[in-house]
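Walk through this model one site at a time. Start with the space inside it, then turn to the chain around it.

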Amino acid sequence: MKVLKFGGTSVGSAQRMKDVAGLICDGEQKIVVLSAMSGTTNSLVEISDYLYKNNHDGANEIINRLAGKYAGVIDELYGTQEYKDKAGDVVMSYLNYIRSLVKDLFTLFEERAILAQGELMSTAMMNLYLNETGVKSVIIPALDYMRTDKNSEPDPVYIKEKFNDLLAKEPDAEIYITQGFICRNAYGEIDNLQRGGSDYTASLLGAAVRAEEIQIWTDIDGMHNNDPRIVENTSPVRHLHFDEAAELAYFGAKILHPTCILPAKLNNIPVRLLNTMQPDAPGTAISNRMEGKKIKAVAAKDNIISIKIKSGRMLLATGFLRKVFEIFETYRTPIDMVTTSEVGVSVTIDNPKNLEGIVNDLKKYGAVTVDRDMVIVCIVGDLTWENLGFEARVISALKDIPVRMISYGGSNYNISLLIKSSDKKRALQALSEHLFNSQADAALSRNPTTH
């Protein structure tokens, strides 16, 4: 069985819902994970914002706007009045539930409940459309099986047991439709998966049923070898190792969240990134198979802050690094890059929330310098140290761009460089030119000299 996930743009209109139905209905049983229709979650966030401010009129205006949008989609999606009425009633029930939360006391619990309604509406509409066209589909409610533990991490044992029990009750269904993103927490409250959202749902379900393949359908033809918003003539990467994909996702490739593919990796289930607008395109295949001796792609992570701690006593001061890292742990602030020397250590973070406290504590151990508005550029591929010349090609490409930090050797899959944000465009373009567009470099990538 395959698991297919479709993002908000893939179900963003009546026609796109019909297109998705055409993709999933081929006579084979499959699990389909749907996001909310594009724009819906933003509207639900806006409703919540009004309710936090106790502006009931503002909230009701957004709800009415959503009702009008969905009425138009329903009128176009269904061919019979019977199903238009059914869909209208279901959607209105969810909108009326949101209206019931327009009250004086509004908390995080009500906000999470409101945010769940987008996925509930999109799955209900898709299920009714499939039923109208004669497809035997059923909804498997995510709130009945998707649960996180007290650390807000998915509970895979619970998910596997409950989800398979629900599947067993509908053995003859062709399409099992479920919601992405939403879940219940350890206390039974409506919550969400946060990191990875619907992609995470698909990966967890793929692991739960030992799926043949997990397909992530978006509006992009796979993961590209550079940022197409900045660099011209980028191309999809046809195959990535799970670790390569995770590196790219973490360092800026927005098509995928780095943690969401972990269940697939651990269970050796291939993941394919596909484009609903170009369903015949091969997309990007992600698996545990490694294509050696290649540089695959470049990604960039914005809004980075670098922190340098310089101490003349570091060379002889045992425990210096431990004390530095404990400060970041105390403030629950992850570190992206680390470089060290005999007299100092430089790190990068992407969350400025606790920067002032971190810097104040670090000053106990040395002089602290902070650089803001930086970018991490990540080059991903088979970057094991035996592949001679790969790191030199990267450095050569950036010979005219100041580099603040370089991290190489911590992973076999990436080289990370820290530069100013003002140099980002030039850096990405130069890397594409030297790593992917040059015939000589392309030949070296195919046949590098190795030990």
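Ala, Val, Leu, Ile, Met, Phe, Trp, Tyr, Cys and Pro count as nonpolar, Asp, Glu, Lys and Arg as charged, and the others, Gly among them, as polar. By that scheme, the lining of the largest cavity has two nonpolar, five polar and one charged residue. The model is predicted, so local features need pLDDT of at least 70, side-chain atom pairs count only at pLDDT 80 or more, and totals for chains, interfaces and linings use all residues. Residues are numbered from 1 along each chain as its sequence is written, and side-chain values use heavy atoms, with hydrogens and water left out.

A cavity here is a set of points on a 1 Å grid over the protein atoms alone, where a 1.4 Å probe fits but cannot get out; lining residues have an atom within 4 Å of a point. Grid points are joined across faces, edges and corners, and the volume is the space filled by probe spheres set on the points. One cavity of 30 Å³ or more is present. The largest holds about 30 Å³. Its lining consists of Asn225, Val231, Glu232, Asn233, Thr234, Ser432, Phe436 and Asn437.

Next, helix 8. Helices are DSSP runs of H or I with at least four residues, strands are runs of E with at least two, and both are numbered from the N terminus. Helix 8 covers residues 197-209. Its 13 residues reach 19 Å from first C-alpha to last, close to the 18 Å expected. That expectation is 1.5 Å times one less than the number of residues. Of its 13 residues, 13 are buried (under 20% relative accessible area; exposed is over 50%, partly exposed in between; 1.4 Å probe, protein chains only). Just after the helix, Arg210 takes a positive phi of about 55°.

Is Met17 buried or exposed? Met17 sits in helix 1 (residues 14-24). It is buried, because its relative accessibility is 1%. Beyond neighbours within four places in sequence, Met17 contacts Ser10, Val11, Met37, Leu77, Ser122, Met125 and Met126 (contact means heavy atoms within 4.5 Å).

Asp172 lies in the loop between helix 7 (156-168) and strand 4 (175-179). At 59% relative accessibility, Asp172 counts as exposed. Leaving out residues up to four places away in sequence, Asp172 touches Gln29 and Lys136. Val138 is 34 residues from Asp172 in sequence, with 9.8 Å between their C-alpha atoms.

Methods: On a 1 Å grid over the protein atoms alone, a cavity is a set of points where a 1.4 Å probe fits but cannot get out, and a pocket is an open set with protein on both sides within 12 Å along at least five of seven lines; lining residues have an atom within 4 Å of a point.
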